[in-house]
Amino acid sequence: MAEDIAISRNVPSRKQVVIIGGGVIGCSIAYHLTKLGWKDILLLERKQLTAGTTWHAAGLVEAGGFYDGTKIEMAKYTRELYQVLEEETGQSTGYHPVGYLEFACSPSRLEGLRRIADFDRGFGVDVQELSPAEVKQKWPLANTEDILAGFFTPGDGRVNPIDATMALAKGARTGGAEIIEEIEVTAIKQNNGRVSGVITDQGEIETEYVVNCAGIWAHQIGKMAGVNVPLQAAEHYYLITEPIAGIQADLPVLVDLDRYAYYREETGGLLLGLFEPVAVPWGVDGIPEDFSFGEIPPNWDRMMPYIAEAMKRIPVMEAAGIHKFFCGPESFTPDLEPLMGHAPELDNFYVAAGFNSLGILLGGGAGRVMAQWIVDGTPDVDVSEIDIARMLHFQNNRKYLQDRTVEMLGFMFEDPFPNRIYESARGVRKSAFHERMARAGAYFSTYAGWEYPDWFAPEDVEPKVEYSWGRQNWFEYQAAEHKAAREGVTIMDYSVMGKILAQGRDAGSALNRICANNVAVPVGRSVYTQWLNEHGRIEADLTVTRLAEDQYLILSGDGTITQVMAWLRRNIPPEAHVTCTNITSAYSVLNIQGPKSRDFLSQVTTADLSNEAFPFLTSQEIDIGYAPVRAIRITYVGELGWELYIPTEFSLHVYDTLIEAGDEFGLKHIGLQALDTLRLEKAYRDYGNDIDNLDTPLEVGLKFFVDFEKPGGFIGKEALMRREEAGLKYRLVQFLLNDPEPLLHYGEPIYRDGLRVGYIMSGGYGHTLGAAVGVGPVENETGIATVDYIISGEYEIEVAGVRYPAKASLRPMYDPKLLRVRI
């Protein structure tokens with residue numbers, strides 16, 4: 001195979017791009033870079049192509065079954081690419097479109113798969129719901145007695161993973177890329193925050209770009225560069241039987257989610273793969289130096305209960321001989337999303353690793369996305385969930401990765417309930433209020449490692465979730481919290497906010513160039529703004545408060561803090577006198593919201609909180625008890641309120657003072673579930689959910705927060721003006737169902753006059769509005785999405801296969817004139 005793709009032996013002294021890793025991802029990126037016209041590319045492989053984990057992949061190819069637009073697009077593209085590579089390169093990929101079949105064996109699984117099927121069809125994936133009898137026709141040897149339905153995707157199937165990778169490698173080589181095997185990278189060189197070269201065991205190579213595609217070694221390569229690549233290898237098992245009568249090569253790939261198993265034909269027998277719910281990390285102390293085409297000794301005793309359960313689905317397997325019981329490593333990330341993109345710590349160092357056993361399935365699309373990202377500098381897909389900049393430093397901790405990985409394999413096969421959370425590697429990153437919140441009945445979820453109150457149980461009720469697609473057991477508790485924010489006064493632990501202090505004599509001018517809104521404001525003013533790239537698309541959505549002439553407080557979700565810090569580093573001129581410091585841990589945050597919040601807070605501070613003395617979007621330092629507190633009059637729920645930024649050491653004193661004074665006002669604890677439904681009623685945006693890096697402020701209704709007239713302009717201004725002049729193809733719209741019973745979560749298709757025009761990006765129950773509320777884009781594929789186009793249509797939202805009429809609005813349905821916020 002090496003001769004077919006002309007593997008090089010001589011190590012060059014310089015290349016424009018060096019790709020580390022010769023698995024399917026590295027070869028795909030090399031191939032796609034050549035398709036974009038870049039030829040000066042070198043791929044380095046420590047042993048032989050595919051020798052890490054690619055070679056033992058099951059080779060499944062699936063475009064259906066995803067609840068994520070970016071991964072659907074990557075998977076669809078991959079499927080299409082594997083069909084045409086042989087014609088282009090002469091190297092077969094072994095593509096076999098046998099179809100892909102998933103079973104629903106419970107009502108919750110059925111609703112979940114229906115929701116996913118609705119979503120996938122909007123991306124052109126043909127997902128067919130089958131009756132048990134139709135399933136039996138497609139898989140005669142399967143036990144179908146317990147299934148409610150099957151979901152079949154005809155175009156999906158399988159490839160030979162080695163052949164597919166070799167086809168990509170051959171295409172890359174034909175396009176001008178160079179490939180060297182048996183060469184090991186030992187160090188990464190950098191200069192002034194930018195990658196400058198790689199050092200190998202055979203010499204040094206100067207380069208402009210490095211792409212870390214090292215798979216299970218990507219963590220190690222990242223450390224060489226000072227780049228955070230949190231992934232961990234785990235044991236992954238499959239079993240191959242001897243030939244079985246009745247097993248034919250054209251049987252669909254079968255997935256039994258409730259048994260954590262998949263099945264496909266293999267040389268007349270069956271391959272049974274497992275994603276067991278209690279997995280075993282591997283290589284925690286490092287991957288063996290000589291590991292190549294390696295196997296892990298299988299643990300029969302540990303796996304036999306899972307195998308026995310999985311064989312019940314295909315009873316003939318129980319009597320079949322076992323040809324091979326295989327265990328090999330696959331790498332998994334802490335949130336089961338790939339690590340892709342521009343490393344926030346080091347310019348021109350890119351990462352594409354941690355594909356959670358889906359490298360073959362996503363390989364073609366991932367290569368296309370990464371190549372475009374490298375060439376253009378910005379991605380052309382929504383990267384909210386895959387961008388490596390979402391990762392935090394603590395997630396690279398060895399014990400954290402080891403403990404989290406135990407849960408990861410099985411989690412992939414669980415019901416994708418919208419609020420489902422991980423249970424492992426928890427309970428460590430806590431706010432100063434954690435124990436007080438627990439005593440108040442908090443059910444804790446997790447965000448950016450933080451344990452935060454999601455909702456509060458009444459006294460004598462255990463705060464525990466009973467998952468479902470309908471009204472979960474906490475629905476009424478959260479409804480009461482929602483009502484309290486609208487009618488009384490509430491307190492929320494909001495310490496998950498990321499906090500950055502930017503200071504220096506050039507801080508104002510540097511930030512004003514980065515911010516689309518004008519932050520050259522008087523001291524004490526807070527400004528809501530977006531940060532845009534050169535294409536006018538949103539890179540960050542946050543607030544900036546001017547604390548002093550040369551000091552600004554930047555507030556963003558802690559899950560985006562790494563990305564925000566990287567954007568500051570890359571866009572503040574090197575000669576500017578500005579320093580930026582992550583001060584998230586220095587301050588705890590309590591969020592006081594509701595129409596009674598002024599009266600309540602006035603009991604615990606000497607500050608004048610009147611509208612005249614403390615207007616909306618201003619900040620002051622006030623006293624609460626003995627503590628100095630930075631108060632910002634701002635809201636994310638659509639009511640009068642203040643966020644209180646408290647020096648950590650004063651946290652409990654301030655909290656206790658507030659609670660003591662709260663009885664008179666009926667002060668109520670609320671969690672982030674209530675925050676989400678409150679903000680959805682007000683149509684406030686949430687970056688990473690409602691809006692992402694493909695949007696500009698124009699489509700998502702944020703033009704009001706862009707100052708086109710400010711001196712000096714801002715990054716992306718020209719592109720934004722061109723976008724406005726050309727007209728908008730879509731707009732973000734708020735929806736309210738007419739029927740009060742169905743629930744909106746995410747991904748529900750939006751229909752305008754019977755035609756699909758988008759899908760719900762975020763949904764929840766609008767307890768004040770009286771029905772489910774959500775936001776989503778409405779597209780006009782044949783023209784411009786004018787205001788008249790939006791408001792003139794008749795709308796329906798599809799929920800698990802059923803369409804429900806809905807109202808649509810470009811203005812917030814709750815308090816559109818901001819009267820309650822500005823009182």
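User: Before we look at any residue pair, when do two strands count as paired?

Analyst: Two strands pair if DSSP finds at least two bridges between them. This is a predicted model. In it, 5 bridges join β36 to strand β37 (residues 771–779), and the two run antiparallel.

User: Which residue in β37 stands opposite Gly 764?

Analyst: Val 773 stands opposite Gly 764.

User: What is the strand order of the open sheet of 7 strands?

Analyst: The order is β35-β34-β38-β39-β33-β37-β36, with antiparallel pairing. At the edges lie β35 (755–759) and β36 (762–766), each of which pairs on one side only. From one strand to the next, the twist averages 40 degrees.

User: Which helix packs on the sheet, and which strands does it touch?

Analyst: Helix α16 (residues 672–681) packs there, touching β33 (730–737), β36 and β37. The direction of α16 makes about 95 degrees with that of β36.

User: What lines the largest cavity?

Analyst: Its lining includes Glu 62, Tyr 100, Ile 116, Asp 120 and Phe 151. At least two lining residues come from each of β4 (100–104), α3 (107–121) and β6 (149–153). The largest share, 4 residues, comes from α3.

User: How do the residues of that lining divide into nonpolar, polar and charged?

Analyst: In the lining of the largest cavity, 6 are nonpolar, 3 polar and 3 charged.

How values were computed:
Residues numbered from 1 in each chain as written. Predicted model: local features only at pLDDT ≥ 70, side-chain atom pairs only at ≥ 80, totals over all residues. Heavy atoms only, no water. Axes fitted to C-alpha atoms, helices over the stretch in contact; angles between N-to-C directions. Contact = heavy atoms within 4.5 Å. 1 Å grid on protein atoms, 1.4 Å probe; cavity = no way out; pocket = protein on both sides within 12 Å on 5 of 7 lines; lining within 4 Å. Nonpolar A, V, L, I, M, F, W, Y, C, P; charged D, E, K, R; others polar.
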